[in-house]
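I opened my notebook to look up a few things about this chain. The entries follow in the order I made them.

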Amino acid sequence: MSGFLGVLRRDLRLSFSGGGEVLTLVLFFVIVGAIVPFAIGPDRALLASIAPGIIWIAAFLAMLLGLDRLFRPDRDDGTLALYRMADMSMASVVAAKVIAHWLTAALPLILASPFLAMILAMDGPTFWRTVLSLLLGTPALAAFGAFGAAITVALRRGGLLAPILIAPLCVPVLIFGVGAIAPLGGPDQASSAMLFLAALSLMAFALSPFAAALAIDWGEE
């Protein structure tokens, strides 16, 4: 457990002292959402109706920006090789990195979502459903992102390939995320979508560390 916490603390420290990477993700998230009103006009009703999809797409794109720093810096400086020889399993290392990735790439976006909700003319109940859906769904995006980053860590331009690989896996998260905020079938459909989001995040977090660890071992052989 001490090794797991050590990896988690190290990744958090590097993220917050890495020259504004977290701020860059937040600014990208806000900018993506802020430019939409300029594209579709000042229709508040239209903005409010498409706001859930905009926020989820902005969060997805912002989280993609941080994928290349999950494993590549550790591989470049030899830390990844040391992790592979450590007493703790590689799956535990990946799990710690997934948690750190969510805390530094997803949680700041959720905290910044009120500003974006104000720009997109979201009402109070819709905003709180948005926050809940992001809390339930972004762990799955982080887990899928770690898997994609692990597959491409040994490739020279893997940072460009990883988003393409994980995009199909993230489509169900986006569908249920938007469905939880703006359900067409009423409150029952919203509750079902929230449950599906939670299930996807639990399954992704449970399986991705093992799949990513296997991909790293194959890539380093």
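Before counting anything, I noted that buried means under 20% relative accessible area, while exposed means over 50%. The model I am looking at is predicted.

Entry on burial. By that cut-off, 48% of the 221 residues of the chain count as buried.

Entry on elements. I looked up the secondary structure and found 9 helices and 0 strands in the chain. Read from the N terminus, the order is α-α-α-α-α-α-α-α-α.

Entry on overall size. I asked what radius of gyration a compact globule with 221 residues would have. The rule puts it near 17 Å, and the chain has 18 Å, so the two agree. Along the principal axes, the C-alpha atoms fill a box of roughly 55 × 35 × 30 Å.

Entry on contacts. I took the contacts in the chain with a separation of 6 or more and found that 80% of them come from residues 24 or more positions apart.

Entry on surface. The chain exposes about 10,800 Å², and I noted that carbon and sulfur atoms supply 72% of that area.

Entry on charge. I found 12 positive and 13 negative side chains in the chain. The centres of these two sets lie 4 Å apart.

Entry on one residue. I picked R13, which lies in helix α1, residues 2–16. Is R13 buried or exposed? R13 has a relative accessible area of 53%, and the cut-off for exposed is over 50%, so R13 is exposed. I also looked up its distance to A100, which is 87 residues away along the chain. The C-alpha atoms of R13 and A100 are separated by 9.6 Å.

How values were computed. Residues are numbered from 1 along each chain as its sequence is written. This is a predicted model: local features need pLDDT of at least 70, side-chain atom pairs count only at pLDDT 80 or more; totals for chains, interfaces and linings use all residues. Side-chain values use heavy atoms; hydrogens and water are left out. Helices (H or I, at least four residues) and strands (E, at least two) are DSSP runs, numbered from the N terminus. The radius of gyration is taken over C-alpha atoms; the globule rule is 2.2 Å times the number of residues to the power 0.38. Buried means under 20% relative accessible area, exposed over 50%, partly exposed in between (1.4 Å probe, protein chains only). Contact means heavy atoms within 4.5 Å. Accessible areas come from the Shrake-Rupley method with a 1.4 Å probe; for residues, only the protein chains shown count as cover. Lys and Arg count as positive and Asp and Glu as negative; His and the chain ends are not counted. The place of a charge is taken as NZ of Lys, CZ of Arg, CG of Asp or CD of Glu.
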